[in-house]
Amino acid sequence: MVDFGNGFDKVIREASSVLGKPIDKGKYEIIDRGMSHQPKNLPPRMVGIYTFYHEGKFMKMGKAGPNSNSRFLSQHYSPKSAQSTLAASILLDNRMQGKGY
């Protein structure tokens with residue numbers, strides 16, 4: 001498993017500083033749920049950034065705000081839950097056929 005925690009911390013620090021609005025490390029938390037995992041609700045009033053990583057590439061990255069917990073919790077795991085989900089993209093991608101995930 002790849003340790004993204006330090007890399008994400010660096011990107012957050014550098015990008016927020018360049019924008020003139022540094023984000024204090026105490027204001028965010030990086031959680032690697034690994035494969036396979038059980039999704040969990042966003043804490044109240046929080047924003048979540050989610051990533052799906054496979055074989056050295058990010059397959060999907062996005063943001064779920066306080067009013068879009070379903071995106072963070074479940075939509076990307078079900079191909080029929082929304083128009084653009086990770087699950088639907090995988091099913092349509094011939095390169096992913098037979099992977100057994």
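Does Lys25 count as buried, partly exposed or exposed, and what is its relative accessibility? Lys25 counts as partly exposed, at 49% relative accessibility. The model under view is predicted, and the tour below returns to this residue after a view of the whole chain.

Begin with the entire protein chain selected. Its C-alpha atoms fill a box of roughly 45 × 30 × 25 Å along the principal axes. Colouring by secondary structure shows three helices and two strands, arranged along the sequence as α-β-β-α-α. A surface display exposes about 8,000 Å², of which carbon and sulfur atoms supply 54%. Of the 101 residues, 23% are buried.

Next, select the charged side chains. The chain carries 15 positive and 8 negative charges, and their mean positions lie 8 Å apart. Side chains of opposite charge can pair when their charged atoms come close. Three salt bridges are counted here.

Select Asp9 and Lys25 for one of these salt bridges, in which the closest N and O atoms are 3.3 Å apart. Asp9 belongs to helix H1 (residues 5–18), while Lys25 sits in the loop between H1 and strand E1 (48–54); the two are 16 residues apart. Asp9 counts as buried because its relative accessibility is 9%, below the 20% limit.

Remain on helix H1 and select Lys10 and Glu14. Their salt bridge has its closest N and O atoms 4.0 Å apart. The two residues are four apart in the helix, and therefore separated by about one helical turn. Both are partly exposed, Glu14 at 44% and Lys10 at 45%.

Finally, select Asp93 and Arg95, whose side chains meet in a salt bridge at 2.8 Å, N to O. Arg95 counts as exposed, at 66% relative accessibility.

How values were computed. Residues are numbered from 1 along each chain as its sequence is written. This is a predicted model: local features need pLDDT of at least 70, side-chain atom pairs count only at pLDDT 80 or more; totals for chains, interfaces and linings use all residues. Side-chain values use heavy atoms; hydrogens and water are left out. Buried means under 20% relative accessible area, exposed over 50%, partly exposed in between (1.4 Å probe, protein chains only). Accessible areas come from the Shrake-Rupley method with a 1.4 Å probe; for residues, only the protein chains shown count as cover. Lys and Arg count as positive and Asp and Glu as negative; His and the chain ends are not counted. The place of a charge is taken as NZ of Lys, CZ of Arg, CG of Asp or CD of Glu.
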